[in-house]
Amino acid sequence: MRLANVGGRAALITGDRALDVFDAGGFGPDPMAVLADWTAFTEWARSAPPGSVPVDPDRLGPPVPRPRQVFAVALNYPPHAAEAGFEPPADPLVFTKFPTCIAGPRETVELPGDRVDWEVELVAAIGRGGHRIPEERALDHVAGFLVGQDLSERRVQLLGKPPQFSLAKSFPGFGPTGPHLTTVDELPGGAAITCLLNGSVVQSASIEDMIFGVPELVSRLSAICALLPGDLIFTGTPGGVGNRMDPPRYLTPDDVLISRIDGLGELTTTFREGADRRFRPGSA
Ligand code: ZN
């Protein structure tokens, strides 16, 4: 099952057609309200009629527009840990993307600095919340998966010693997600995860390469934080980010970034010069 945000309203997607879930079933219309009522919604959705309204891709918003918590995991693919100069971690390294950065699947993002970098990621969305969720029950708490981009301003990220991640990854538009929320059963095992910059592949891996898989992440995060319906978990990026290229390659105006996961679809993110492009940490 695929759930989308069409013009701010939750919609079930069948092929290229949409069904408004409030008009048809009384859930929502806000996608967050659908996630808050996830168990009842999924029971209804099993027998919902197919969509009949053509989907305009430009009207798709973030499937989970206002998560209360957004977790993100660093160094969760061995090649990315290696290119960043670290051993694979023994425990998940977790930071947050503040929720105001969440954006949709077709966005133009303003570049706030000259070292903005890409990180394609599998994103898990929580359906039923919980605290201390055992790993073997973890997927029961996941509503579905999205493609995500963990955009990062590396100058801000690497400013301090030790570096701090969260602010650098939370400028407006720095969390593109979508195109739909696809339920767990529809994500193929070993799905390819790919990022293309202006048509050239820059990142390519399998989601099975993750050091900590989604069930373990849900279990270990919820051992500490209570998880809430609609929370997002960015699960880390494969190798091939721009600041590890020689020479480094950062995003510039008019670049087109495509982020793709087999079975989930893709995001198209474009960039434009920001009014604050001269922004430098410490000069605000
Ligand atoms: Zn990341």
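Q: Quick one to start: what do buried, exposed and partly exposed mean here?

A: Buried is under 20% relative accessible area, exposed is over 50%, and partly exposed is in between, using a 1.4 Å probe and protein chains only.

Q: Thanks! And what kind of model is this?

A: It's a predicted model, where local features need pLDDT of at least 70 and side-chain atom pairs count only at pLDDT 80 or more, while totals for chains, interfaces and linings use all residues. Residues are numbered from 1 along each chain as its sequence is written, and side-chain values use heavy atoms, with hydrogens and water left out.

Q: Which residues hold the zinc ion?

A: Its protein donors are E119 (OE), E121 (OE) and D150 (OD), 1.9 to 2.1 Å away. Donors are N, O and S atoms within 2.8 Å of the metal (3.2 Å for Na, K and Ca), and since water is not among the atoms, sites may look incomplete. Along the chain, the donors are spaced E-x1-E-x28-D.

Q: How many salt bridges turn up in the whole structure?

A: The search finds 18. One of them joins D30 and R66, at 2.4 Å from N to O. D30 is in the loop between α1 (21-25) and α2 and R66 in the loop between β5 and β6, so this pair ties together parts 36 residues apart in sequence. (Helices, H or I of at least four residues, and strands, E of at least two, are DSSP runs numbered from the N terminus.) D30 is partly exposed at 24%, and R66 is partly exposed at 49%.

Q: Switching topic: how is the chain divided?

A: Into domain 1 (2-61) and domain 2 (70-273), with bounds from an automatic or database domain assignment. Their centres, taken over C-alpha atoms, are 24 Å apart.

Q: How much area do they bury between them?

A: About 1200 Å², 59% of it on carbon and sulfur atoms. Buried area is the accessible area (1.4 Å probe) that two parts lose on being put together, summed over both. R2, L35 and W38 supply 48% of what domain 1 buries against domain 2, more than any other three residues.

Q: What does R2 pair with?

A: R2 forms a salt bridge with E186, with the closest N and O atoms 3.8 Å apart.

Conventions
A salt bridge is a side-chain nitrogen of Lys or Arg within 4 Å of a carboxyl oxygen of Asp or Glu.
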